[in-house]
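The following exercises are meant to be worked with the sequence and the three-dimensional model side by side. Please try each task before reading its solution.

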Amino acid sequence: MFKSLFGSKENRPSKPRRNIINRFFLNAVLLPSSLYKRMGVNVSHLKSILHTKLLMDDRRPNTIQQTRAKKDGNITGATLGTMLISALMGAFFLVSFFAGKDYVTHLTIYFSMYIFLLASSLISDFTSVLIDIRDNYIILPKPVTDRTVVTARLLHIIIHVSKIVLPMSLPGIIYMAFKTNPWGSIVFMIMLIFSSLLTIFIINALYIFILRVTTPQKFQSIISYFQIFFAVFLYGSYQIVPRMIDRANLEGYSITGNKWAWSAPPYWFATAWQGLSKFDFEAANIAAIALSIVFPLASIYVVIKYFAPSFNQKLSLINSSNAEQESVPVKGKRMGSTTPAYVKMMAEWFSKKGAERMAFLFCWKMTSRSKDFKLKVYPAIGYMIVILVLPFFTKRNFNLDRIKDADAAPFIFIGFIYFSSFLVMQAIAQMSYSEKFKAAWIYFITPVKAPGQIISGALKAAMAKFYIPIVILVSTAAIILAGPELLPNLLLGLFNEVLICSLITYITVKELPFSMQQSNNAKSGSFIKGLFMLIIPAMVALLHFLIYKFTPVVYIFIVLSAVATWLTLGSINNIGWNKILSKAD
Amino acid sequence: MEPIITVKNLWKNYGSKQVLKGIDLSIYPGQVIGYIGPNGAGKSTTVKILCGLISDYEGYVSIKGMDLKKDTLAVKSIIGYVPELAELYDVLTPMEFLTFMAELYNLDTVIAEERIIKMMTAFGLENNIHQRMDTFSKGMRQKVLITSGLLHNPDIIILDEPLSGLDANSVIIIKELISRLARDGKTIFYCSHMMDVVEKVSDRIVLIDNGVVIANGSFEELQQQQGNQSLEKIFAGLTGNDSMNNAADALRSAFEN
């Protein structure tokens, strides 16, 4: 989700301008060259690595540029958009100035949000910035010291971070300049720099820790789950926390004097600001100043000096060694089929023998095993849970008793049935894409009569995996809490939803499953796109609410919906090769 | 003559898996070593150790009299490595990529640029020097990679499947280049699965299997030991097992149902 918020690191201004930006950053980070030299870094290597990395960042096209570049030349809007969003996030941080009664409290909250958001965006960006596996083949065999490589990585990250951080911190800086004084704003900026350094250290330490405790092979999947978790956590906290906050209580709150606060770095930065901006050098303030300056610097130094060598070693194993290890499978061990019986059963129920069933099973397995797919679709599960839990926090009078209430129950459960299609829609939208898109040649060399069979199998697998379980869950809850009278309506909801998904598939899906390459950050819009797609079910749900009380009408609609679904699925099955966009090359 | 590469009792394991089990090698300047072995025999691991990519090995490796563990950087600067996978920063142009490589090898930029142009021209890529490589074919990428491995005029050149993706004409160029470089006194460490090429270009063939050297000598010596047959046959005889011949039969008979 962070990629979507900030755009990814590829979002840079177009050529003439970005070169100025990059040159500025490059010169800026190379200012302490003599310090680097003393640390054992080869500055000319450092410069050329950084230069090359920045050049490459510039060249990676983003979605908007890719699609628009065909029509006109170079685009700068993407970066502006990214920076604008960063700035908006920064503006959102200003909320912290309305919580608590003094600046230490405001700023503790501000820095907490700042560090958290930065850390989250770094976690997702690090896998692309830090772990460019090609470095193993290109940079590591060259006579370059480990320390130079790590310093280059760190500085690259700092530049990358600055491009996010600068617009993000701007609202806060301006606010501080107006509310306090120029000096207060300058101290605030200094604290932002040190808290950024600390965040980089935290993420680095986290990565090093993960690399220490697990095998490099598992590293990337762990990071993926981390990213999923963070995205959901972040989304959840932004949704829930503001609702939970009781403003009246909060405005009078002050964090100062709380001993526990010392365990949280944001508090150091806040207290240090207090001390420096007001020239108030009491013992606590001096301690905070020392902590917020010394700790980030020392931690960065430790990363470079002590962790770096082993880190690189491990990193170089992420890709290389496992390839060799996996090439020797365990001998003499006969493996059974890996398809669980219930999946086979469902495949037999839902899909016709042949290409469709093959596609059903194939997509079922691919969606469980492809890291890429999981990373893009599984966060939707989290978002859904958050949104489902949300009402309990919003309204004090929204609770289980109210769900049982005869008036509200149908709305809630029918609403759930429609709303939970969010996940399956994300899955369908993502299903065409794969990192291993080239493997799609299998569709083209086999005598498949109609590719529609494959698409239909994929659709059914997505429905069976990402929708049916939720429907069963919601229906069970509905029957227990609201009684079986609701069953026809639930059924209608289910059929309508299947119809909607089938229609969307019929209209929009022009590619075979896992056959397309996804440009690096096409995913950025998927969450928004997914929400947008929810408009259709929402409209159908509204129509459904109009008739839900008239059971005979509901039955008629069930039949109509089922017939329409059946027809649509038939049409999908008949999609011919001429309609397929993926190519066999 | 002093060997340029000395490997003594080299052991390496990935966790519980022992990949190299006591490799001994002495390689002399001007030799082309064909380094062959079945998949998973430990070829790539050896190459990575020689390139200084893996340092937690046991045993002793010295290159041009330098201990690999102690003088890693000095060793790296006299080795040219052409990796097996066509890994490139392909959003760069060859010129950008290769000057970057040259900078990492501490080459003078002016000299480097001259060399790059000469070498790319020799490969027939003079018109592509300033094009981004993401549109390049596998063969073109391979040519850029080979250039990047030779750019700094290394004493030792490690080639890992250098011919993959190259067309027949380029293959001839590379094979010729290998023998010329060897004549100039360069040492070439050639890893490949293409037995016919190895047979022709190598002065000495080192065959490893399961992390152990099982044959080491010129092609003629191997023929004397193993009977007068092609390297492919010798390879199969040494590393395969009896079931090899039956495998084809078994494959064919799988249709009989």
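**Exercise 1.** Which residues in helix 24 of chain A meet which residues in helix 26 of chain A?

*Solution.* The model is a predicted one, in which local features need pLDDT of at least 70 and side-chain atom pairs count only at pLDDT 80 or more, while totals for chains, interfaces and linings use all residues. Residues are numbered from 1 along each chain as its sequence is written, with chains lettered from A and ligands numbered from 1 in the order in which they are written.

Step 1: helices (H or I, at least four residues) and strands (E, at least two) are DSSP runs numbered from the N terminus, and residues are in contact if their C-beta atoms, placed from the backbone, lie within 7 Å. On the side of helix 24 of chain A, the residues are Leu492(A), Gly493(A), Asn496(A), Glu497(A) and Ile500(A), and they meet Ile536(A), Pro537(A), Val540(A) and His544(A) in helix 26 of chain A.

Step 2: the axes of helix 24 (residues 487–508) of chain A and helix 26 of chain A come within 11 Å and cross at roughly 150°, the axes being lines fitted to C-alpha atoms over the stretch in contact, with angles from 0 to 180 degrees between N-to-C directions. Helix 24 of chain A is therefore roughly antiparallel to helix 26 of chain A, a term for angles over 145 degrees.

**Exercise 2.** Which residues make the contact between helix 19 of chain A and helix 26 of chain A?

*Solution.* Step 1: the axes of helix 19 (residues 408–419) of chain A and helix 26 (residues 535–547) of chain A come within 9 Å, crossing at roughly 150°, which means that helix 19 of chain A is roughly antiparallel to helix 26 of chain A.

Step 2: helix 19 of chain A contributes Phe411(A), Ile414(A), Gly415(A) and Tyr418(A), whereas helix 26 of chain A contributes Pro537(A), Ala538(A), Val540(A), Ala541(A), His544(A) and Phe545(A).

**Exercise 3.** Why is strand 3 of chain B largely enclosed by the rest of the structure?

*Solution.* Step 1: five of the five residues of strand 3 (residues 32–36) of chain B are buried, so this strand is largely enclosed by the rest of the structure; buried requires 20 or more other C-beta atoms within 10 Å of the residue's own.

Step 2: Val32(B), Gly34(B) and Ile36(B) point one way from strand 3 of chain B, and Ile33(B) and Tyr35(B) point the other way.

Step 3: strand 3 of chain B pairs in the parallel sense, over four bridges, with strand 8 (residues 187–191) of chain B, pairing being counted if DSSP finds at least two bridges. Tyr35(B) stands opposite Cys191(B) in strand 8 of chain B.

Technical notes. Parallel < 35°, antiparallel > 145°, perpendicular 65-115°, else oblique. Contact = placed C-beta atoms within 7 Å. Buried ≥ 20, exposed ≤ 12 C-beta atoms within 10 Å, placed from the backbone.
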